[in-house]
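Please consult the sequence and the structure shown below while reading.

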Amino acid sequence: MKKVVVFLLLSLVLSSCQLGRFVFWNFADADDYKKFHNAPIKKSDEIFYYPAYPDNSQANSEVSFPEPYRERYIKNMRKSKTQAIIIIRNDSILMEEYFGDNNRETIVTSFSIAKSFVSALIGIAIDEGYIKSTNDFMVDYLPWMKDKGMDSIRIQHLLDMKSGIRFRENYSNPSAEIAKLYYGRNLKKIVSKFKVESEPGGDFDYSSGDTQILGLILESATGKSLADYMEQKIWQPMGAEADASWSLDSKKHKTAKAFCGINARAIDFAKFGSLYLHNGAWNGKQIVPEEWVEGTLKMKPDSAYRSKASRSLRYHNQWWAYDKGRQLRDTVLNNTYYSYAYLLEPDDMRMAQGILGQYIIIWPSENIVVLRFGEKDKFPWYWYLRKLAEQNTLKTESE
């Protein structure tokens with residue numbers, strides 16, 4: 001009995017701190033929105049519903065995927081705990097599939113996909129005059145960071161993750177900055193302890209901390225919470241069909257986890273892809289400034305946007321570009337197809353991306369959006385979703 005009491009007391013103590021929450025909850029999962037306090041984001045009064053693709057009365061029709069891929073597709077979707085796969089072509093639903101206990105009403109938690117939303121809000125805030133330009137210094141909006149040696153960091157540095165701020169994106173280390181941000185209950189205090197380790201404007205170094213700072217800049221500049229600004233400027237104007245939310249650090253401080261934590265239906269996340277596919281205009285409205293979207297997606301294939309981790313990756317304004325690879329050879333490993341020996345070819349496919357294999361892929365030249373949300377990431381999702389997009393592009397062109 002004493003052991004049980006000691007264990008319960010220890011549990012209560014641990015659950016009250018960041019380390020305790022890391023121990024109890026461990027790695028992020030798809031239901032994390034249930035663990036945190038959330039700020040509401042109300043749905044639109046003028047909901048947009050995608051029609052089914054022409055000559056396709058069933059949006060859940062079989063995916064056009066060559067055998068033996070179709071059988072493995074179903075198996076791998078279940079094995080990887082995929083929640084939703086959606087393909088939209090010419091602003092109509094070509095495919096909408098849900099797996100397991102998930103359906104259209106299921107709320108899915110976004111992780112780093114939220115970063116692309118923050119970028120859109122920065123563009124809107126500039127257009128509305130809350131922020132002068134991306135050349136503004138971070139400390140102009142967060143004066144409490146002036147004495148931290150961060151006077152030379154500009155908003156553009158944060159957008160491109162070139163701030164030079166020390167940030168360890170190590171999800172298995174409880175002392176890493178990402179764990180402190182994810183499980184911490186006072187994000188402003190955590191950010192105030194960030195330190196610079198290199199000159200801003202150098203190499204791209206992926207950092208959720210940079211996005212969290214962008215969120216604080218937005219709240220400081222607009223005088224509104226991220227959830228309220230998102231609701232007014234993106235969620236409602238684009239015709240979201242369901243209420244969403246943005247996860248907060250705590251009930252007391254109410255600071256949004258800007259780098260993650262938008263919780264919504266998959267179909268409404270797809271609308272954000274359509275919004276960027278159409279240069280910020282959607283459902284008859286210019287929601288995100290056209291110039292901002294075009295500048296974000298342009299990403300010329302030069303060293304300015306290259307990732308040190310892979311020569312096929314580029315990053316700009318919180319969006320990704322993966323250079324296309326010509327598939328030269330397939331190898332089957334455990335019933336999963338992996339492609340090797342790529343020849344890099346830049347194209348206009350762009351993506352918002354998060355852990356657990358979360359993707360909103362847009363392909364402007366083919367007028368296509370591909371979305372995947374799930375609970376596991378051990379799969380070559382980028383290659384797989386690109387292949388899925390290519391096959392369905394060919395399918396609709398032949399109809």
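## Strand β2 and its surroundings

Strand β2 is joined by 6 bridges to strand β3 (residues 92–98), and the two run antiparallel. The model described here is predicted.

Strand β3 is mostly covered, with 6 of its 7 residues buried.

Strand β2 also pairs with strand β17 (residues 368–374): 7 bridges join them, and they run antiparallel. In this pairing A84 faces F373 of β17. The pairs named so far are collected in the following table.

| Residue | Opposite residue | Strand of the opposite residue |
|---|---|---|
| A84 | F373 | β17 |

How many of the 8 residues of strand β2 are buried? The count is 8 of the 8 residues in the stretch 82–89, so the strand is largely enclosed by the rest of the structure.

## The chain as a whole

The chain contains 12 helices and 17 strands. Of its 399 residues, 56% count as buried. Among contacts between residues at least 6 apart in sequence, 69% join residues at least 24 apart.

R350 lies in strand β15 (residues 350–354). Is R350 buried or exposed? Its relative accessible area is 3%, which is under the 20% limit, so R350 counts as buried. A polar atom of the R350 side chain lies 2.8 Å from the backbone oxygen of L297. When neighbours within four places in sequence are left aside, R350 is in contact with residues including L297, K298, M299, W319, W320 and I361. R314 is also among the contacts of R350.

T106 belongs to the loop between β3 and β4 (107–109). With a relative accessible area of 19%, T106 is under the 20% limit and therefore counts as buried. A polar atom of its side chain lies 2.8 Å from the backbone nitrogen of N103. Leaving aside neighbours within four places in sequence, T106 is in contact with D101, A264, R265 and A266. T106 and A264 are 158 residues apart in sequence, while their C-alpha atoms are 7.9 Å apart in space.

## The largest pocket

Rolling a probe the size of a water molecule over the atoms shows where empty space is left. In this model, the largest pocket has a volume of about 320 Å³. Its lining is made up of 12 residues, and K180, K189, I190, K193 and F194 lie nearest the centre. The elements that give two or more residues to this lining are α6 (177–183) and α7 (187–191).

Methods. Residues numbered from 1 in each chain as written. Predicted model: local features only at pLDDT ≥ 70, side-chain atom pairs only at ≥ 80, totals over all residues. Heavy atoms only, no water. Buried < 20%, exposed > 50% of the residue type's maximum accessible area, 1.4 Å probe, protein only. Helix = DSSP H or I, 4+ residues; strand = E, 2+ residues; numbered from the N terminus. Pairing = 2+ DSSP bridges. 1 Å grid on protein atoms, 1.4 Å probe; cavity = no way out; pocket = protein on both sides within 12 Å on 5 of 7 lines; lining within 4 Å. Points joined across faces, edges and corners; volume = space filled by probe spheres on them. Polar contact = N/O pair within 3.5 Å; in protein donor to acceptor, adjacent residues only side chain to side chain. Contact = heavy atoms within 4.5 Å.
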